[in-house]
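Take a look at the charged side chains in this model. The report below covers how they pair and how accessible they are.

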Amino acid sequence: MKALREKLISQGIHTLLVQFTDIHGTARGKFVPLAHLDDVLTIGAGFSGPSIWGTGLARTGPRSEYYARGIASTTQALPWLPGVARIVGEGFVAGEPFDACPRQVLARQVARLADKHWTLQVGIEPEFFLLKRDAARWVPVDERDCLDKPSYDLKSLLRQAPFLQRLQDALERCGLDVLQLDHEDAHGQYEVNFAHADVLTSADRVMLFKLAAHALAEAHGHVFSMMPKPFANQPGSGLHCHASLWRGPPGDMRNVFVAHRPDGSIDPDKLLSPVGRHFVAGVLEHAAALTALAAPTVNSYRRLKVSASITGTTWAPAYVAQGFNNRTALVRTLSGRFEWRAPDASANPYLMLAGLIAAGLDGIQRELDPGADCNDDLFELTLAQLADRGIGLLPQSLEQAIDALQADAVIAGALGATLLREFCALKREEAAAYAPHAAPHVTDWEFQRYATAF
């Protein structure tokens with residue numbers, strides 16, 4: 001603690017932002033003077049438990065207090081907040097780890113991997129919109145961003161360069177390796193890619209990215225939005241996950257998804273090892289339940305439907321299949337890794353990744369087979385052709401996804417009884433609240449609820 005305190009003082013830090021993540025994947029927290037670092041690391045910053053979404057904690061008694069106990073290794077000075085350092089907190093209640101803390105949920109699944117000497121490496125690709133209010137409408141902040149096919153549009157990218165470069169600089173100064181920034185396939189939509197890391201670190205980095213992006217966009221007069229699908233006739237925002245499983249000590253790790261020949265040499269004719277194929281099969285097996293965690297809002301299911309788009313495609317999966325470099329499938333298989341394409345920008349990174357691990361481990365334990373690669377453009381096939389191939393459909397509404405989650409013992413078990421109860425109750429209330437406003441177009445109710453929520 002002393003070394004950390006001295007390091008922070010040398011960086012000009014006077015205040016800690018103790019940040020935790022609620023059940024919706026939203027950052028919460030408070031400022032704590034650096035003088036109380038020891039308390040943050042040993043006891044935690046205190047919060048009223050029932051004031052936090054998804055805790056289910058009482059309003060009285062010893063279990064009414066929620067403590068976000070800081071993890072020293074996550075302490076990071078925030079370039080856009082001089083003098084302030086973020087420290088990630090995990091939930092504790094009555095002195096014990098809180099079973100419904102999303103980060104603790106993921107940590108439990110990481111511990112299952114560690115028992116097998118495995119580490120899941122994940123690269124997460126956040127997509128987002130830059131929006132503004134125009135009278136009663138939400139529109140892209142760049143009025144000239146109106147191409148029929150806007151992917152990789154350099155004109156719009158350059159107009160947003162001041163914001164994007166500040167974001168890049170902030171993330172790099174926080175230790176992230178930013179790989180690229182680009183204009184995505186909808187008006188006002190952008191993507192930032194940063195290098196992969198272990199699954200807990202990657203989830204923490206998504207939350208750091210959101211903190212930075214919200215603050216910097218606001219400073220530029222923009223609204224940073226991770227609403228899944230603001231515009232019905234354009235692609236939505238994904239949170240695609242590239243995953244690979246590794247074994248061995250740091251500095252000498254090997255990718256167990258890489259296929260090898262009997263003599264130990266790499267097999268160039270196979271994308272994934274048997275373990276990798278079993279993991280993917282587990283993701284397909286539990287696809288419906290995982291969708292509740294990967295697409296957790298009413299608006300999410302506008303993205304997962306097969307629908308028309310001004311750009312020619314939605315880039316979002318609707319069918320439960322896997323195939324080599326197939327962006328129309330739920331799982332895009334690549335050499336030594338796979339991309340899970342269901343998650344959207346509103347997903348809680350801790351919960352979706354906890355579900356992913358549980359599904360993959362079940363596939364490995366049961367030695368499930370993902371079947372032959374699907375190399376068809378699934379958006380071009382009829383329902384009859386899909387049925388002939390045995391390809392199922394992802395849930396097409398939040399209610400269907402919650403039903404699937406509650407019926408899936410593996411994914412439900414990974415969440416734990418408290419979080420499962422709270423998550424399902426909140427999401428059913430959300431679906432019921434939307435029902436009177438349901439319409440073919442994206443509704444004002446959706447914008448009001450989701451535009452700035454994540």
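Arg28 is partly exposed in this predicted model, with a relative accessible area of 37%. Its salt-bridge partner is Asp22, and the closest N and O atoms are 3.1 Å apart. Asp22 counts as buried, at 1% relative accessibility. The cut-off for buried is under 20%, so Asp22 falls within that class.

The count comes to 19 salt bridges.

| Pair | Closest N to O distance |
|---|---|
| Asp22 and Arg28 | 3.1 Å |
| Arg277 and Asp369 | 3.2 Å |

Now the pair Arg277 and Asp369, which form a salt bridge. Arg277 lies in helix α7 (residues 274-285). Asp369 sits in the loop between α10 (349-365) and α11 (383-388). Arg277 is partly exposed, at 29% relative accessible area. Asp369 is exposed, at 59%.

Glu285 is partly exposed, with a relative accessible area of 46%. Arg366 is partly exposed too, with 44%.

Which residues are linked in a network of salt bridges? They are Glu90, Arg103 and Asp204. Side chains of opposite charge can pair when their charged atoms come close.

Note on methods: Residues numbered from 1 in each chain as written. Predicted model: local features only at pLDDT ≥ 70, side-chain atom pairs only at ≥ 80, totals over all residues. Heavy atoms only, no water. Salt bridge = Lys/Arg side-chain N within 4 Å of Asp/Glu carboxyl O. Buried < 20%, exposed > 50% of the residue type's maximum accessible area, 1.4 Å probe, protein only. Helix = DSSP H or I, 4+ residues; strand = E, 2+ residues; numbered from the N terminus.
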